[in-house]
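Take a look at the structure below.

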Amino acid sequence: MKKSGYFTIFHIYLIFFLSLLGTIAASFALFYLLITVKTSTGTTIRSDWPKSFTENFREYIIFINEKAQIRQPGLELLQKNDIGLQILDHSGNEIFSYEKPDQADLAYSNTELFKLYQTGQLKGSKTTAFIGTVTNNGNDYVYILHFPMTITKITMYLNGDRFTGGKTIVILILGMLFTVVLISGIIYGFWTTHIMNRLTTSIREISERNYLPIKVHGAYKDLYDSLNTLDSEIRESDRLLRQTEKMREEWIANITHDLKTPLSPIKGYAELLQENGTKTEEQCKRYSQVILKNAAYMEALIDEMKLTYQLDNGMIPLKLQEQNFIRFLKELVIDILNNPEYEQRTIDFETSVETILFSFDPILLTRVFQNIILNAFVHGDENTAVALQISVSDTLLQIIVSDNGRGMSAAETLSLFQRYYRGTNTEHRSDGTGLGLAIAKSIVELHGGIIAVSSIPDIGSSFQIQFPIN
């Protein structure tokens, strides 16, 4: 066993031992509080002192001409301890009193005396009565002492044969209790140490990625369930990390290829312009157009990479403008259809209202909807059409962008908004960067919205975008 195991056992044993000592100390303290009372002068005495005092007080009672009197030392004791006194004749009538409580009666029946003897309590009084008897000339007299304290009278009957060794029994019980606690502490310490070692091993196995889920019942069930959940989440995180790393490597390779592709015509036509010889104006114009076109492509590629970094790090401030969202989308659609490359395409526009005032960044949302619409045209065929449906409620603005293109598989839709991802359901490899839809998702979320996609192969795709509105 490792040192940490022994330390754990010692620690747990120490806790048990201190708990035992604390229990014994608390028991002694409680016992002390139960068997002691405080007098009116603040002195702590045993709770059986009133009984002894009552039994001994008969010595201070004398009778002169058949009248009860108290010796001077007795009066001084009564006065010193604030004790009241009543002396009753054989009929229960009071014949002498000294500082008795206001609640005390002048006469008592046998039943009342018996009840007072048992309980010692007078109704409404905070004193405790103890009763004794004294004899004079063959006549019995009862005297009642009223002590200024509350004492509960308890009568116990014990087995005399067994209780003669009461101290021995108490010591034996305490010894057995100490032994049981000691052994239990050691057993519990070993058991807990075993559990801790098992948990330590499980955590180490999780970090080494070779942990096997454990089903445990009992006190540590929740802890092992948490470890199992942690292991599954770490494994899923590792899987996503590997997938992302693979996509990143593919993306870097594609970006490198995409950057080198426009460089070739730029370099080639620049060399043609540099060659000696007369170039016609038409040639120079054509060469420069090719160079500018490829330079613009490279610039757009770099801009998307920069925008992705800025969105990931929260470096793009929203420039919100409140305007008619319907008009914004209509102008965006018109701009796309005015492009000679897409002038033969179809974009249907459906809305139930003509005005929706909404605060948004028009530049960023233009990028979102252009990306989704143009993706439908690029990845579809010449017959692919796009439809925009806009609806609004009291709290929600919803835009659905759907197409009748080639569609995507379920696996493709799951990865569609991941960075570096390029769809595979095309007849040729896409020239995109793999960042467009990831950027679109980040922009939508920057506006507090959500974006989702559903698609069926050979049927088409549908993008649902929702924004909260006031």
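D238 is buried in this predicted model. Its relative accessibility is 16%, and the cut-off for buried is under 20%. D238 has a charged partner, R209. The two form a salt bridge, with the closest N and O atoms 2.5 Å apart. R209 lies in the loop between α6 (166-208) and α7 (221-274), while D238 lies in helix α7, so the pair ties together parts that are 29 residues apart in sequence. Is R209 buried or partly exposed? At 39% relative accessibility, R209 counts as partly exposed.

Side chains of opposite charge can pair when their charged atoms come close. How many salt bridges does the structure hold? There are 7.

Another of them joins K330 and E354. Here the N to O distance is 3.0 Å. This pair, too, links distant parts of the chain. K330 sits in helix α9 (residues 325-337). E354 sits in the loop between β10 (346-351) and β11 (357-360). The two residues are 24 residues apart. K330 is partly exposed, with a relative accessible area of 32%.

K100 and E94 make a further salt bridge. Their closest N and O atoms are 2.8 Å apart. K100 is partly exposed, at a relative accessible area of 23%. E94 is partly exposed as well, at 22%.

Now turn to helix α8. This helix covers residues 281-312, which makes 32 residues. From its first C-alpha to its last, α8 reaches 46 Å. That is close to the 46 Å expected at 1.5 Å a residue. Which residues of α8 are buried? They are Y287, I291, N294, M298, L301, E304, L307, T308, Q310 and L311. An α-helix has 3.6 residues a turn, so residues three or four places apart point the same way. After α8 comes G314. The phi of G314 is positive, near 60°.

L21 has its place in helix α1 (residues 3-35). At 40% relative accessibility, L21 counts as partly exposed. A patch residue needs over 30% relative accessible area, so L21 passes that cut-off with its 40%.

Conventions: Residues numbered from 1 in each chain as written. Predicted model: local features only at pLDDT ≥ 70, side-chain atom pairs only at ≥ 80, totals over all residues. Heavy atoms only, no water. Helix = DSSP H or I, 4+ residues; strand = E, 2+ residues; numbered from the N terminus. Expected span 1.5 Å × (residues − 1). Buried < 20%, exposed > 50% of the residue type's maximum accessible area, 1.4 Å probe, protein only. Salt bridge = Lys/Arg side-chain N within 4 Å of Asp/Glu carboxyl O.
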